[in-house]
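Keep the sequence and the 3D view open as you read.

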Amino acid sequence: MTSQSGSIRRFLRRHCSSVTMARIVDPILTDIHIEADAADAQGHQWASRRIRAAGSIVLLKAITLYSWTRFWSIQEWSREDRRALARTLTYAATLTAAAIPLMTLPALIQLPANRWLYLVPEVLPIALPFCLFIGLIYAFRARMVSLRPHAAVLIAAVLCSIVSFATLTWVVPASNNASRVTALMDVGIQRGLPVEEVQSLIEGNRRFDREQKQRPINYHTRWALAAAPVVLAMWAFLVVARLPNTGSRQWPEHGCRTLPLRLHSSCSGSAEPATNLERRT
Amino acid sequence: MAARRPRVLTLSAKESLILQLLVRHDQAYGLELVSTSRGRLKRGTVYVTLGRMEEKGYISSRLEDAPPEAGGLPRRVYTPTALGRQVLEAWSQPTRFLIPAVTR
């Protein structure tokens, strides 16, 4: 075995399962080696190099295909992996369903139900990333899970980002407009342009300059909110990795006490406060 | 406890081709299968398909002693199992009748 294929094998053994190594990696590396050596023996050095380069691409393709097919066969996942994924999705969905009425509670008291519904698209992109973050931390705490549920949750976060983006781009402007139209109908203003409305339009043009300055902030806020599920999910993975591996019953108390100090220590770069606290608790 | 669903035996076109080649040669390496398939099997997918077929129980594999040209790496040899032969037989029986009728 050449040093190059040996180092590739050592690297892959750290990241792939023994089944993947036996069924995919080792046979392909053997094939590459035999073919490249045959080319070398005939004096075709460039052909040997080409075989090794093409073989590396083949290896990458085979590993990707194999991982992809195994990733979707959920019955092969371990019980812990399945529970972690199911709990994350359940907690996130439940929290989002609870957070939306809570966030729109002031409007719910003041407005009629048909106008309250128009507020739901506005709060959804805010509620979704935070609920996913909390659900993820609570579901992944103190569990030894493989990379599969991590990848599945990350895919769910990407889907949440797409939903947020679509909501902010198309649904929110449409619902705002619909809300305004409904409000005008409720107070009985006729459509058309009477003198007062013309005057209000002139006033509106004066306000236009001020609003124009707010537009870049509005624009970037939308992008930031759309990206928030993925960013917060990745941050949650980091937080979970740093959480102590205590039992699930002890976790809320222990985690709540240590989390602020752990976050502070990770931001300041010193591991001392968390270590001390861990020793005490 | 929930009842386990009965296993449905499936055979894709690529899997049947591999089984046919293995039945013909009795045993073969991955690279041999690629070369004897005349371009119908690709190197990037043959081992993925072989792995899936091994999981289904259609083929079995063993490591052969490393040949001198392999530089110390043992080769994996694939052989069809009895189930694999039965599935291939069952799959090819209707096609023998169907294909002439369709192409007539």
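**Salt bridges within and between the chains**

A salt bridge joins the side chains of B:Glu54 and A:Arg23, with an N to O distance of 3.7 Å. The term salt bridge here stands for a side-chain nitrogen of Lys or Arg within 4 Å of a carboxyl oxygen of Asp or Glu. Because B:Glu54 sits in helix α3 (residues 43–56) of chain B and A:Arg23 in helix α2 (residues 18–41) of chain A, this pair joins two chains. Helices (H or I, at least four residues) and strands (E, at least two) are DSSP runs, numbered from the N terminus. Are these two partners buried or exposed? Both B:Glu54 and A:Arg23 are buried, where buried means under 20% relative accessible area, exposed means over 50%, and partly exposed is in between (1.4 Å probe, protein chains only).

Before going further, a word on how to read all this: the model is predicted, so local features need pLDDT of at least 70 and side-chain atom pairs count only at pLDDT 80 or more, while totals for chains, interfaces and linings use all residues. Residues are numbered from 1 along each chain as its sequence is written, chains are lettered from A and ligands numbered from 1 in the order in which they are written, and side-chain values use heavy atoms, with hydrogens and water left out.

Back to A:Arg23, which has another partner. B:Glu55 also forms a salt bridge with A:Arg23, and here the closest N and O atoms are 3.1 Å apart. Together, A:Arg23, B:Glu54 and B:Glu55 are linked in a network of salt bridges. Between chain B and chain A the count is three salt bridges, and over all chains it comes to nine.

Other salt bridges stay within one chain. In chain A, the side chains of A:Arg52 and A:Asp37 meet at 3.8 Å, N to O, in a salt bridge. A:Arg52 belongs to helix α3 (residues 45–72) of chain A and A:Asp37 to helix α2 of chain A, so the pair ties together parts that are 15 residues apart in sequence. A:Arg52 is buried, at a relative accessible area of 16%, whereas A:Asp37 is partly exposed at 26%.

Chain B has a salt bridge of its own between B:Glu15 and B:Arg52, at 3.1 Å, N to O. Since B:Glu15 lies in helix α1 (residues 13–25) of chain B and B:Arg52 in helix α3 of chain B, the pair ties together parts that are 37 residues apart in sequence. B:Glu15 is buried, with 1% relative accessibility, while B:Arg52 is partly exposed, with a relative accessible area of 32%.

**A threonine in helix α3 of chain B**

Stay in helix α3 of chain B and look for B:Thr49. B:Thr49 is buried, with a relative accessible area of 4%. Which residues does B:Thr49 contact once its neighbours within four places in sequence are left aside? They are B:Lys14, B:Glu15 and B:Ile18, with contact meaning heavy atoms within 4.5 Å. The side chain of B:Thr49 also reaches the backbone oxygen of B:Thr45, at 2.8 Å.

**Where the two chains meet**

Now step back to the interface. Here 17 residues of chain B are in contact with 20 residues of chain A. The size of an interface is often given as the accessible area lost when the parts come together. For chain B and chain A, the buried area is about 1,800 Å², and carbon and sulfur atoms give 61% of it; this area is what the two parts lose on being put together (1.4 Å probe), summed over both.

What does chain B bring to the side that touches chain A? Its elements giving two or more residues there are α3 and β2 (75–80). Helix α3 of chain B gives the most, with eight residues.

**Chain A as a whole**

Finally, turn to chain A, which has eleven helices and zero strands. Of its 281 residues, 34% are buried. Among contacts in chain A with a separation of 6 or more, 69% are between residues 24 or more positions apart.

Terms used: A polar contact is a pair of N or O atoms within 3.5 Å; within protein, one must be able to donate a hydrogen and the other to accept it, and residues adjacent in sequence count only if both atoms are side-chain atoms.
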